[in-house]
Amino acid sequence: MVGGSFLYRALSKRNILLVVAHPDDESMFFSPTINYLISRGHNLYILCFSIGNADGMGNTRKHEFYQACAVLKVPLQQVKVLDHPDLQDGFGKVWDHELLAKIIEEEVSSHGIDMIITFDNYGVSGHCNHRDVHYGVCQLLHNVSERSVEAWELISTCILRKYSGPVDIWLSMLLPLRYTDGMTHCLLNEHPWKSFHAMAEHSSQWVWFRRLFVSFSSYTYVNTLRKIEEVKQS
């Protein structure tokens, strides 16, 4: 990790909630973060807001999601995937930010969460569901009067960096060095092979262009996280 030990509070383990939109988001975009957290013994919970049923394979994708989380060594009792009628997968499906915030708040309260990790306001690919999840977290931060939980967002990169594979590790490492306020941190994937194996568990999605994506995507090798300080309203 570059940028200090931001995941330690008085050297204690953290209760962390990763919030994603679809099954396979965790493997395609957040596997460096997941591998880092699990290897250091943090209590990681994953909340997925849909079963990814835009292709009519919701139940299949839910099962694949659990299999991928098992590969990533996330305890299955700490993994939750929803099938809410108002939170259905797909472009053009607008998700209510207050509803998202309410569900996230329930998870935070149930598990004593003190850190949330999610997409930024572009959501890596620009998918509207990814962006809504970001704004749901921001809505939660806006609603909570006392900030007992901190939130971090995965920085979206330009297309050249996005498909630069491990080369982007060097560019990502430079970013936290430019900012010494501890608001930006770079997490390297210490076990990139796990990312491939986890994504392969999403067999219904494991088509040729996703194989290429996982091979050449910088998000397989490195995640750069930025603290959400200023609550952004949509």
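Me: Which residues of H4 are buried?

Reply: In this predicted model, the buried residues in H4 are His97, Leu99, Leu100, Ala101, Ile103, Ile104, Glu107 and Val108. Their cover includes strands E1 (15-20), E2 (43-48), E3 (79-81) and E4 (115-119), together with helix H5 (128-143).

Me: How do you know what span is expected of helix H4 (residues 97-111)?

Reply: The expected span is 1.5 Å times one less than the number of residues. H4 has 15 residues, and the distance from its first C-alpha to its last is 21 Å, close to the expected 21 Å.

Me: What is found at the start of H4, and what just after the helix?

Reply: At the start, a side-chain oxygen of Asp96 comes to within 3.1 Å of the backbone nitrogen of Glu98. Just after H4, Gly112 has a positive phi of about 60 degrees.

Me: Why is Asn223 called buried?

Reply: Buried means under 20% relative accessible area. Asn223 has 0% relative accessibility, and therefore counts as buried. This residue belongs to strand E7, and a polar atom of the Asn223 side chain lies 2.9 Å from the backbone oxygen of Phe29. Beyond its neighbours within four places in sequence, Asn223 contacts residues including Phe30, Pro32, Leu154 and Cys186.

Me: What makes E7 a partner of strand E5 (residues 150-154) and of strand E6 (residues 184-188)?

Reply: Pairing requires at least two bridges between the strands. E5 and E7 (residues 222-227) are joined by 3 bridges and run antiparallel; here Glu153 stands opposite Arg226. E6 pairs with E7 over 5 bridges, also in the antiparallel sense, and His185 stands opposite Leu225.

Terms used. Residues numbered from 1 in each chain as written. Predicted model: local features only at pLDDT ≥ 70, side-chain atom pairs only at ≥ 80, totals over all residues. Heavy atoms only, no water. Helix = DSSP H or I, 4+ residues; strand = E, 2+ residues; numbered from the N terminus. Buried < 20%, exposed > 50% of the residue type's maximum accessible area, 1.4 Å probe, protein only. Contact = heavy atoms within 4.5 Å. Polar contact = N/O pair within 3.5 Å; in protein donor to acceptor, adjacent residues only side chain to side chain.
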